Amino acid sequence: MKLNGALAGALLSFLADAGRVDAVRVRGTKTSAMDISSVGDLLEPMEPRQLQTADFGQLTCNAALADAVCTPLPADFAGVVPCGVCYSMSDFGGARAGETLTMASGLNVIGRLDFPDGSKVTIETPSVFVQGILSMSSTRAVTGEPDVRIRMTGDTNVNFTPEGENAGACSGGACNVGPKAFVVAGGQLDINGMPDSCPTWSHILSIGHAAQPVPADFPSPPDPPTSSSGALCSASVVNEDFEGGLNQWYGNLGAYESIQEGSHDGSRYLSITERTANFQGPLFELSNEIKECILPDTAYFFNAKIRLSGSTPSLCETAGTDCPILKFGHMDSTNQVKWRELLVLKPGTAVTGGEWFEFKGVFNMHTY
């Protein structure tokens with residue numbers, strides 16, 4: 001059984017009240033292929049469990065139905081599709097598109113009734129019985145207006161009389177299915193409102209009935225510390241847009257830094273030029289106040305927009321080497337500068353000379 005979307009949810013509830021579902025496949029939503037609506041109140045069936053306990057099978061007279069040639073719906077169609085016969089609603093994609101068919105005695109699909117792509121019709125009926133195949137297909141864009149509408153009418157009980165070898169499934173020969181009944185008994189409902197390439201359903205692997213665990217504790221961000229000045233630290237340790245100038249940003253060891261106009265979103269950006277080595281990138285000096293706000297062994301998120309440009313393509317673009325790396329430098333116990341790698345560019349990131357790309361990731365600031 002495959003069910004999908006708003007239509008599938010409504011249709012499943014509908015069928016559960018009206019009768020047992022033997023084979024149902026619904027793809028898409030009511031806005032693309034089919035809409036089932038009720039004229040007046042949708043009443044409960046008189047005997048909701050009678051069909052659910054019955055045993056229905058495929059009719060032998062429909063054994064060759066899949067290969068049957070569909071003929072246009074007869075002009076005098078009264079609501080019954082004979083067993084082994086396929087009727088097509090193809091005329092309602094042309095001259096009869098948009099017509100309303102009233103079937104006062106109900107629609108009983110014993111054979112097959114097919115609504116090909118492009119069919120536009122409204123059917124008013126007190127009941128729909130599917131003992132064979134009811135199929136619909138629509139590949140147009142979803143607009144909120146369904147091509148096929150089935151309006152359930154009436155408020156009196158309806159009796160369903162199974163066909164052929166299923167005749168004994170209802171005691172007394174007929175089942176009282178209540179008003180506005182949509183019954184699939186031994187048949188198949190196939191509604192395709194989406195392309196086959198679109199994953200519109202999920203397969204349920206298992207259903208558990210044990211008590212659901214209720215967690216008592218939930219992970220939460222740590223409380224920001226307070227600096228020595230008494231100010232509460234911000235959760236964003238460094239947040240720079242360069243609208244106020246360099247603000248402790250430099251070019252590392254001999255590179256030249258400047259603020260330029262016109263970044264990826266038109267704002268200002270930091271430019272590092274006159275570079276002769278890969279380590280001569282942007283350098284930010286952490287003030288004592290910022291260092292007091294950094295929590296050790298805590299995950300931090302880094303995100304920056306970067307552009308590599310020059311007279312020749314960079315090695316990052318051509319060979320995937322010498323790409324941007326985020327490092328942290330500090331003095332060790334012997335007063336030597338030690339650099340520790342915090343973050344590398346994610347493999348597969350598209351880097352094109354002269355174009356902005358995103359450099360982001362999560363790292364921990366360990367205690368050094």
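Visitor: What is the S to S distance in the disulfide that joins C316 to C323?

Guide: This is a predicted model, in which local features need pLDDT of at least 70 and side-chain atom pairs count only at pLDDT 80 or more, while totals for chains, interfaces and linings use all residues. Residues are numbered from 1 along each chain as its sequence is written, and side-chain values use heavy atoms, with hydrogens and water left out. A disulfide here is a pair of cysteine sulfur atoms within 2.5 Å. For C316 and C323, the S to S distance is 2.1 Å.

Visitor: Is the link of C316 and C323 right-handed or left-handed?

Guide: The angle about the S-S bond is 100°. With that angle, the link of C316 and C323 is right-handed.

Visitor: Does C316 count as buried or exposed?

Guide: Buried means under 20% relative accessible area, exposed over 50%, and partly exposed in between, with a 1.4 Å probe and protein chains only. C316 has 7% relative accessibility, so C316 counts as buried.

Visitor: How many disulfides does a search of the whole structure find, and what is their pairing in sequence order?

Guide: The search of the whole structure finds 5 disulfides. With the bonded cysteines of the protein numbered in sequence order, the pairing is 1-3, 2-4, 5-6, 7-8, 9-10.

Visitor: Why is the disulfide of C70 and C86 right-handed?

Guide: The sulfur atoms of C70 and C86 are 1.9 Å apart, and they form a disulfide. The disulfide is right-handed because the torsion about its S-S bond is about 70°.

Visitor: Which parts of the chain do C70 and C86 link?

Guide: Strands (E, at least two residues) and helices (H or I, at least four) are DSSP runs numbered from the N terminus. The two cysteines are 16 residues apart and link distant parts of the chain. C70 lies in the loop between strand 2 (34-38) and strand 3 (71-72), and C86 lies in strand 5 (residues 86-88).

Visitor: Which is buried and which is partly exposed, C70 or C86?

Guide: C86 has 2% relative accessibility, so C86 counts as buried. C70 has a relative accessible area of 29%, so C70 is partly exposed.

Visitor: What is the handedness of the link of C233 and C293?

Guide: A disulfide joins C233 to C293, with S to S 1.9 Å. The angle about the S-S bond is -75°, and the link is left-handed.

Visitor: Where does C293 lie, whose partner is C233?

Guide: C233 is in the loop between strand 16 (188-192) and strand 17 (249-251). Its partner, 60 residues apart, is in helix 2 (residues 288-293).

Visitor: Which residue in strand 7 stands opposite V80?

Guide: Strand 4 and strand 7 (residues 107-109) run parallel and are joined by 2 bridges. Opposite V80 stands N108.

Note on methods
Pairing = 2+ DSSP bridges.
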